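Hi everyone, thanks for making time today. Let me put the structure up, and then I'll walk you through a few parts of it.

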Amino acid sequence: MSMMFKRVFCDKILLKLSGLYRFNCINKFSQKIPNDQETILNNGIITTEKKYNDSNNTSNEEELKRLLKEAATYSDANDKNWATTPYPASAPTSVEEKKIDIPKVDPTERSIVLFPGQGTLKVGAVRKYLRFPGAKDIFELANEILRYDLLKICLNGPQEKLDQTKFNQPATVVSSLAALEQLREDRPKVFETCIGTAGYSVGELSALIFSGAISFEDGIRLVAVRGNMMQMASDKISQGMLSVYCPPQIKLSKILQDATAWARDLGVPDPVCKVSVFLYTQSKIIAGNEEALQYIEKNANDVGLQKLRRLPVSGAFHTPLMLPAIKKFHEVLREISLEEPRTKVYSNYSGRPYRNSRSIKNLLIKQIISPVKWEQCIQGIYTRPEGTPFPRTFDVGSSGRMKTILKLINAKAAEFCIVI
């Protein structure tokens, strides 16, 4: 109705304006008309203008009343089938008419799965998982791929042999996957409700297998090559890893530079001493040449480092000393087909979830020679608004070690952590 009224009213106004325009044109060109005709014309104009002005207000008011009275409305239409809408018939016409309920996800019904890295596995620890048939099948298949009896080493040791990188890395991954069989038996919904997973160091391969990004067979092949090549790199020169606690006032970078310089003065070519793992707040793992680590142990009290502890590994993992392990690992990785993960998998290298399957190959290689950003991974997984509940977390295969570290990073999240 408003559109029709505007159109009629505008037409009326244009009609009036056109009349005024004609009068103006006549006045403009009347100067060329002879005087006698000019007088007659002017008298006519004056008379017309006078009549127009006198009746203008009254006629406009009456005209508007008539237009409003005769204007068409949608209420006059009996058949309204012509009216169409882009929305479905069931859609509410206003927010007040019907509120749309968006289902909310209860965080406590979601789960996170964490996997351990090298150095946590003890002889005999896997025995408790062997009561699950799937765990036995996993070890049998792993034995065929590795071409040695991994289960025998896990059950009987000795611990010195199990701690060797070439055995410990495959054992850590396979034991974690065997522990998943207990989780599958006790809490099968975890596999459907998992919203994120992360693995510490070599445990990242466990997480990728769990997510479906890497098949079990390819994952075991990868971890076997990774363990063998990192063992080879470790045997080239004397090296190791050292856990330290760094109070806020400590300038760790200066200490690492001094340790590197000390090793160089002792004749070590291209010495390395770097942070290899950002474990939790103010706690780091340092890795490098043996001479550099000895310098830090000797001067720890003077420089303010606390809680020093050697890790039961022979290599300076996640530092440039692992460069000899890269080539062979890359060759095997290149032959493997990856799938999109079924859940978020957090990268040790970036501290963030992998964007897609293509980024996995690139970052897995970098992870071997770059620091593990474990604290950053955990912060990314559990950061949430105040008052939001935490998902259930499952520490799979570490005998509680991953839960302990989680508690040091996020004590609230650790309250919902279950050790498997």
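**Strands, a helix and a cavity**

Strand 2 and strand 7 (residues 344-345) run parallel and are joined by two bridges. Strands here are DSSP E runs of at least two residues, helices are H or I runs of at least four, both numbered from the N terminus, and two strands pair if DSSP finds at least two bridges between them. Before I go on: this is a predicted model, where local features need pLDDT of at least 70, side-chain atom pairs count only at pLDDT 80 or more, and totals for chains, interfaces and linings use all residues. Residues are numbered from 1 along each chain as its sequence is written, and side-chain values use heavy atoms, leaving out hydrogens and water.

Within that pairing, threonine 197 has valine 345 of strand 7 as its bridge partner. Strand 2 is also joined to strand 1 (residues 111-115), again parallel, by five bridges; there, isoleucine 112 partners glycine 196.

So is strand 2, residues 194-199, mostly covered or open? Five of its six residues are buried, meaning under 20% relative accessible area with a 1.4 Å probe, protein chains only.

Helix 6 (residues 165-186) is mostly covered too, with 18 of its 22 residues buried.

Searching the whole structure gives one cavity of 30 Å³ or more, a cavity being a set of points on a 1 Å grid over the protein atoms alone where a 1.4 Å probe fits but cannot get out. The largest cavity has a volume of about 60 Å³. Its lining residues, those with an atom within 4 Å of a point, include Lys128, Tyr129 and Ser175.

Definitions and conventions: Buried means under 20% relative accessible area, exposed over 50%, partly exposed in between (1.4 Å probe, protein chains only). On a 1 Å grid over the protein atoms alone, a cavity is a set of points where a 1.4 Å probe fits but cannot get out, and a pocket is an open set with protein on both sides within 12 Å along at least five of seven lines; lining residues have an atom within 4 Å of a point. Grid points are joined across faces, edges and corners, and a volume is the space filled by probe spheres set on the points.
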